[in-house]
Amino acid sequence: MAVITGAAGDIGLAIALRYARAGARLALLDLDAAALAERIEATGMTSSEFLLLSCDVSSEDEVKTAVAATSQCFGRVDILVNNAAALTPLAPTAQVETAAWRRVIEVNLTGAFLMARECLRPMIAAQRGVIINVASQLAHVTTPGRAAYSASKAALLSLTRSIALDHAGDGIRAVSLSPGAIMTSRLTRLIGSPDEVSAALVGDYPSGRIGTADEVAAAALFLASDDAAFVTGSDFLIDGGYTAR
C-alpha cells in the first residue's frame, strides 16, 4: 500500500500509474483531489480505483487527517513517496521574498517531514516500510535564482539520512530520488514548448537529452521494491550525467 503526495503532477502521476500496474493499492494526495481525478481519468484508468485525498502537506492538521483516512481505508502504510513540491520565481537571493522562501521550505521540507512522521507510526507498528523523498539534482548543485528550492532539496537529503538511521531497526528504509530536468508540464510552463525546453537545456546534459517522468517512476518502483532491500540512507540520481560534470 503506497501513499504518494503531489500525485496530480506529471512525475507523481507517472509513479502512481507505475505502482498501480505493479499491483499496489494507492492513496493519492494533492491540493485538489477533483483535478487529480480528472488527470487519472485522462490516462484511461478509473479514479475510483484509488483513494484520492485533498491535502496541503505543509498543514499538520491536513496531513494527520489524510494519513488517518489512509490507515482507516487500507489498515496499513507500506510506502510513502514524498513528491509534493513548490517553486519560487527565479530570483537572486537578495530578491527572494520571505513569504516565497517560507512556502518552499514548508512544502518541500516540512511537508515531507510531516508526511514521514505520520506514516512512520503505522510502519513502525508493522516493522516494515519504505519512504522515498523526491529531491532534485539541485540538492547537489544549484543554478542562479533557485536559493529556496535548492536549499529545501538539499535539506531533504539530510532528512532522508536521518530517517534511515533512526528507523533501520524498525525495518524501515528511507531513500531519496534526485531527478534532473524532466519533460513535464511544469517545465514547459516555465520555458515553452518541448522543443524549446530541449533547446534550452539539452546542452547541459551529457546524455544529450532530458529525462521523462516514466524514467523517474521506474526508479521509484525499484527503490520501493524488495530488489532494493539493501538500499537505505542514500540518494539515487537520475540526471543524465548532469552532476557528474
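I looked up Arg117 and got 23% relative accessibility, so it counts as partly exposed. My classes are buried under 20% relative accessible area, exposed over 50%, and partly exposed in between, with a 1.4 Å probe and protein chains only. The model is predicted, so I take local features only at pLDDT of at least 70 and side-chain atom pairs only at pLDDT 80 or more, while totals for chains, interfaces and linings use all residues. I number residues from 1 along each chain as its sequence is written, and side-chain values use heavy atoms, with hydrogens and water left out.

Which residue meets Arg117 in a salt bridge? Glu60 does, at 2.9 Å from N to O. I count a salt bridge when a side-chain nitrogen of Lys or Arg is within 4 Å of a carboxyl oxygen of Asp or Glu. Side chains of opposite charge can pair when their charged atoms come close.

I then checked the accessibility of Glu60, which is partly exposed at 36%. Glu60 sits in helix H3 and Arg117 in helix H4, so this pair ties together parts 57 residues apart in sequence. My helices (H or I, at least four residues) and strands (E, at least two) are DSSP runs, numbered from the N terminus.

Glu60, Lys64, Arg117, Glu118 and Arg121 are linked in a network of salt bridges.

**Entry: other salt bridges**

The count by this rule is eight salt bridges. I picked out Asp56 with Arg103, where N and O lie 3.5 Å apart. Asp56 is in the loop between S3 and H3, and Arg103 is in helix H4, so the link joins parts 47 residues apart in sequence. Is Asp56 buried or exposed? Asp56 counts as buried, at 18% relative accessibility. Arg103 is partly exposed at 33%.

I also noted Arg76 with Asp78, whose closest N and O atoms are 2.8 Å apart. Arg76 has a relative accessible area of 36% and is partly exposed. Asp78 has 13% and is buried.

**Entry: nonpolar cores**

I define a nonpolar core as a set of buried Ala, Val, Leu, Ile, Met, Phe, Trp, Tyr and Cys residues joined through side-chain atoms within 4.5 Å. The largest has 36 residues, of which Val3, Leu29, Leu80, Met115 and Ile131 touch the most other members. Elements that each supply at least two residues of this core are S2, strand S3 (51-54), helix H3 (60-74), H4, H5 and S6. H4 gives the most, with nine residues.

What does Val3 touch? I listed Ala27, Leu29, Thr70, Val77, Ile79, Leu80, Val81 and Met115, leaving out residues up to four places away in sequence. Contact here means heavy atoms within 4.5 Å. I then found a second, separate core of 33 residues; Leu26, Ile40, Leu177 and Ala219 are among them.

**Entry: pockets and cavity**

Rolling a probe the size of a water molecule over the atoms shows where empty space is left. I worked on a 1 Å grid over the protein atoms alone: a cavity is a set of points where a 1.4 Å probe fits but cannot get out, a pocket is an open set with protein on both sides within 12 Å along at least five of seven lines, and lining residues have an atom within 4 Å of a point. Grid points are joined across faces, edges and corners, and a volume is the space filled by probe spheres set on the points.

The largest pocket holds about 1200 Å³. Its lining has 46 residues, and Leu87, Tyr149, Thr184, Arg186 and Leu190 are the closest to its centre. Two or more lining residues come from each of helix H1 (10-21), strand S2 (26-30), helix H4 (98-126), helix H5 (147-167) and helix H6 (185-191). H6 has the largest share, six residues. I sorted this lining into 26 nonpolar, 10 polar and 10 charged. Ala, Val, Leu, Ile, Met, Phe, Trp, Tyr, Cys and Pro count as nonpolar, Asp, Glu, Lys and Arg as charged, and the others, Gly among them, as polar.

The second largest pocket has about 330 Å³. Of its 18 lining residues, Arg128, Val130, Ala224, Ser225 and Asp226 are the closest to its centre.

How many cavities of 30 Å³ or more are there? I found one in the whole structure. The largest cavity has a volume of about 40 Å³. Its lining includes Thr5, Val57, Asn82 and Met115. H4 gives the most to this lining, with five residues. I found five nonpolar, five polar and no charged residues there.
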